[in-house]
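Here is a short report on a two-chain model. Please view the structure first, then read on.

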Amino acid sequence: MLRREFGLLVVLGAALALVGCGGGGEPPAPSDGDQEAPQTAITGGGTISGVINFSGTAPENEPILMDAEPICAEQYPDGAFQETVVVNSNGTLQDVFVYVKQGLPDQEWPVSSEGVLLDQSGCRYHPHVLGIQSGQTLIIRNSDGILHNIHPMPVNNRPFNLGQPVEMDSEKSFSTPEVMIPVECDVHDWMLGYIGVLSHPFFAVSGSDGSFSISGLPAGDYVVEAWHELYGTQTISVSVAEGGTEQIEFSYSGS
Amino acid sequence: MSRRFTSRTARFLFPVALGAGLIFLAERVDRDPAFAQGPIDGQTVYLERCAFCHGENGDGNGPVARYLSPRPRDFTLGQFRFRTTPSGDLPLRDDVIAIVKSGVRGTAMPRWEGVLSEAQVEAVVDYLTTSFVPFWGTYDPPVIEIPDPPRVTAAMIESGAQQFQDLQCWKCHGDQGRANGPSALTLTDETDRPIRPADLTKAWRYKGGSDLVSIYTRFSTGMDGTPMPSFYDVTSEEGRWALAAYVRSLQAGEPSGESVLQAVFVSGALPTSPDDPLWQETEPTSYFLTGQVIVGPRWQTPGVDAVTARAMYNSSDLALLIEWNDPVEDAESADTDLQPDATTYIVLETFPSDAGPFADGLAIQFPAELAEGVRKPYFAWGQPGSPVNLWVWRAGDQAREFNGTGLWTEPAPQSSMNIAATANWADGRYRLIVTRPLATGDPEDIAIQPGQFIPIAFQAWDGSRGEAGTRLSLSSWNNLVLEEPTPITAYLYAGLAVLLVGAGEWWLSRRVRS
């Protein structure tokens, strides 16, 4: 199950890389924040799945002045905007980090040897919000070929600041669980992303349909938290039976 | 009013005095027998020497922290600029010891070597790292080995210039290294406070040292807590030395301590453009400027900290070429006067809430008249009874003449204007030419004559830093000397002397032979 989840990530990463290296093409599709696990459950593993509802009016995302970087600016013929609140066409909310906050057995969770990709493309982070396990490799890709410096601002982890002046990959990891770590590029002060670091693999990020799914869970009573960049956190308690699937819904509202 | 400010030098050099005071205090503590005896306790050393700025809890929030820029290090964030370890790793114990001993140039962090004993330095470093720094002692940080530097060659510098382009150092540091890259004004530090990139032309502004090895180390390790990343993974050792050599070659215009500005005599017309090759005949002389801390608001973090001056004159006029770095050209101003401000210290956190827009500016100051002996007006805008002439140029405006009688009174515009100025700003540098007739016929103006030591001082405003009025940087008094053109008789006398010596030797040799 885990391997599949990461396999999907790698596929997504490859797709992103293609988009990023395409050069002057369409901006990457908004669904690249989707880290949803496959729907098929593993025997004995429970699943929590659901959707992030959104009501009311979302604030206008701030426009980004990218004049200083024509290579990036030309990828947004209609103008570039921040991704602070991304509401999907079906009225759901994208880029919400959902994770099991409490209730897991006290144990070491195996860490996948597959890395998680954070791509800098079009002077933006893709995905905008991602989850990773502590100790897991974060692959930081520069697809733009212009100078980015990858500069996470953690509290519980060691920060780092790497200059990437060309198309390239760097690898790093975080040692300690932390929800969430902002990631910035000092060269482009509009670039902003978030990384959720957990000791376990039970997390997901809502995608372009607002859905999420966390599977492979042992039976138990859990507190699940949803985190959004602007609207903050919400929690739901849920009991998962052996092999069962529980549906939960978070609801955020704008003004 | 001015009697309150008798200790002028001390107030002018406030930050220096603060540092010196700390060291003095430290030395007193050293001589305290109760302190000198017994085992060295790092905590005691910390509370005596460090807590005033860095805070009792190591969070960089000591009582004076809010008046300092840059802020004292917050050890609890565990981010250290000056390391020999990769970006994201803790510094070595030796790295911390080194910075405590050397201090940090351009900041309130003094040099502790020679003040604290070796054992005290080690004790205080062990105390603050183990008490405040997260992850300290949990692992051994890897080390970036710094090899012996090669001999710098012209080819190395040239290859370094290419690295500067390829690595896009200019995006923050600017094409000419003048801290005016496209991202320069958007940068923030680890506490989200604004931070500017280093002006690489100013050797004295490299906080971690301006020598080849220090430069190599800084971009290898990055400067954690700042926007400066590590470029270690994307450069070769050869490339890093080349880049260091190039960056070092950008350093220029450091004031040498020479106070005399020599004005060269030319017989023809004075140059009207800073690019005129005639200026090459003159000797550039650079002067430091410091923040104005005599009247409030006391301003300790000025934008313009040095100017380079050249001077030339002919039979009728004097021309001064003043150059200084300013990453942003601010030509719009909501405030054109020189009004004194309220008398308070500036809390840097809250500044600049009321600022702008202000225009950049430069003032050249002379005594209104040359006094006998060494008496000069007060170096900052003069004083009542001993006024100064201020030649004030503001970007987007013409140059104007004022009479100053101290920082506590608004300088008075003169009724007749005898100066002319032309200025240009390009790539982070102003070049300003100011000319004035040697004699103006205006009794308020200083008469400028060759051969005299004429006191001269400079003041500058950086508009986008919120500088206006008495919120400015200023130099102390220096001297302008118009070199007297060498009269033809000087050559005659020299020739005569040669002849006389020759004749004498001939006579002597004749005598010896006979």
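Across the interface of chain B and chain A, the rule finds one salt bridge. B:K171 pairs with A:E69 in a salt bridge, and their closest N and O atoms are 2.7 Å apart. The model is predicted.

The interface itself involves 26 residues of chain B, in contact with 23 residues of chain A. Between them, the two chains bury about 1900 Å², with 51% of it on carbon and sulfur atoms.

Within chain B, one helix pair is described here. Helix α6 (residues 93–102) of chain B packs on helix α7 (residues 118–132) of chain B at an angle of about 120°, and their axes are 10 Å apart. The helices α6(B) and α7(B) are therefore oblique to each other. The crossing of α6(B) past α7(B) is right-handed. From α6(B), the contact uses B:R93, B:V96, B:I97, B:V100 and B:K101; from α7(B), B:E118, B:V121, B:E122, B:V125, B:D126 and B:T129. The contact residues of α6(B) with α7(B) comprise five nonpolar, one polar and five charged.

Next comes the backbone. Most residues other than glycine have a negative phi, and most peptide bonds are trans. The table lists exceptions.

| Site | Feature | Value |
|---|---|---|
| A:V179 to A:M180 | cis peptide bond | omega near -5° |
| B:S69 and B:P70 | cis peptide bond | omega about 0° |
| B:A179 | positive phi, not a glycine | phi about 60° |

A:M180 lies in strand β12 (residues 178–184) of chain A. B:P70 sits in the loop between α5 (51–54) and α6 of chain B. B:A179 is placed in the loop between α9 (170–173) and α10 (212–221) of chain B.

Definitions and conventions:
Residues are numbered from 1 along each chain as its sequence is written. Chains are lettered from A and ligands numbered from 1 in the order in which they are written. This is a predicted model: local features need pLDDT of at least 70, side-chain atom pairs count only at pLDDT 80 or more; totals for chains, interfaces and linings use all residues. Side-chain values use heavy atoms; hydrogens and water are left out. Axes are lines fitted to C-alpha atoms, for helices over the stretch in contact, and angles run from 0 to 180 degrees between N-to-C directions. Helices (H or I, at least four residues) and strands (E, at least two) are DSSP runs, numbered from the N terminus. Angles under 35 degrees count as roughly parallel, over 145 as roughly antiparallel, 65 to 115 as roughly perpendicular and the rest as oblique. A crossing is left-handed if the near helix is turned anticlockwise from the far one by less than a right angle, and right-handed if clockwise. Contact means heavy atoms within 4.5 Å. Ala, Val, Leu, Ile, Met, Phe, Trp, Tyr, Cys and Pro count as nonpolar, Asp, Glu, Lys and Arg as charged, and the others, Gly among them, as polar. Buried area is the accessible area (1.4 Å probe) that two parts lose on being put together, summed over both. A salt bridge is a side-chain nitrogen of Lys or Arg within 4 Å of a carboxyl oxygen of Asp or Glu.
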